[in-house]
Amino acid sequence: VELIRLESTYQGRQRARADYPTVDRSGNNMPYDAGEAWQSNPLLLQLAKESYIQAYLDEIVYLDRNDQLHIITTDAQQQGRKHARATYSTPGALDRTGNRIALSAKNTFVSQHAKSPPHVIEIYVNGYVYGYLDEVSRLDNRSLQLGQQPPP
């Protein structure tokens with residue numbers, strides 16, 4: 001019984017990954033991939049179906065959450081890059097360590113999304129600082145290629 005539960009859970013998660021993002025969020029219309037041996041026993045078949053459907057729906061929640069975190073990270077990186085471009089040539093405005101930028105990004109995000117869990121805030125701040133420092137590095141390299149000295 002436990003083996004059937006594990007196998008059907010695995011199959012349900014695999015099917016959700018394969019179908020994502022166009023998934024059956026209700027779990028009612030998805031095809032069922034149970035093997036022939038399980039279909040001979042109605043009780044085992046029911047157990048396998050329940051495990052399969054629950055795993056399928058759990059995997060959708062997991063994939064959705066990761067999509068949201070990916071979107072937050074990408075947005076934060078873009079905003080960090082934009083900030084770096086806007087302040088790159090302003091004397092004293094660059095933060096090559098990322099410490100000031102991290103604090104600023106955190107304060108801005110928390111003021112706009114006060115009820116966000118701490119891990120989401122950290123993901124945003126890390127993405128912002130990464131985008132900022134990456135863009136500063138790119139701008140430094142560009143300045144050097146043009147024979148100019150990067151700002152301090």
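Colleague: How many helices and how many strands are there in the chain?

Modeller: Five helices and zero strands. Helices are DSSP runs of H or I with at least four residues, strands are E runs of at least two, and both are numbered from the N terminus. This is a predicted model, where local features need pLDDT of at least 70, side-chain atom pairs count only at pLDDT 80 or more, and totals for chains, interfaces and linings use all residues. Residues are numbered from 1 along each chain as its sequence is written, and side-chain values use heavy atoms, with hydrogens and water left out.

Colleague: Where does Asp95 lie?

Modeller: In the loop between helix H3 (42-87) and helix H4 (99-112).

Colleague: Why is Asp95 said to have no salt bridge?

Modeller: A salt bridge needs a side-chain nitrogen of Lys or Arg within 4 Å of a carboxyl oxygen of Asp or Glu. The nearest side chain of opposite charge, Arg100, is 4.2 Å away, so Asp95 has none.

Colleague: Which backbone nitrogen does the side chain of Asp95 reach at 2.7 Å?

Modeller: That of Arg100. The Asp95 side chain also reaches the backbone nitrogen of Gly98, at 3.1 Å.

Colleague: What is Asp95 in contact with, leaving aside its neighbours within four places in sequence?

Modeller: Arg100, Ile101, Tyr132 and Leu133. Contact means heavy atoms within 4.5 Å.

Colleague: What share of the 152 residues counts as buried?

Modeller: 36%.

Notes. Buried means under 20% relative accessible area, exposed over 50%, partly exposed in between (1.4 Å probe, protein chains only). Lys and Arg count as positive and Asp and Glu as negative; His and the chain ends are not counted. A polar contact is a pair of N or O atoms within 3.5 Å; within protein, one must be able to donate a hydrogen and the other to accept it, and residues adjacent in sequence count only if both atoms are side-chain atoms.
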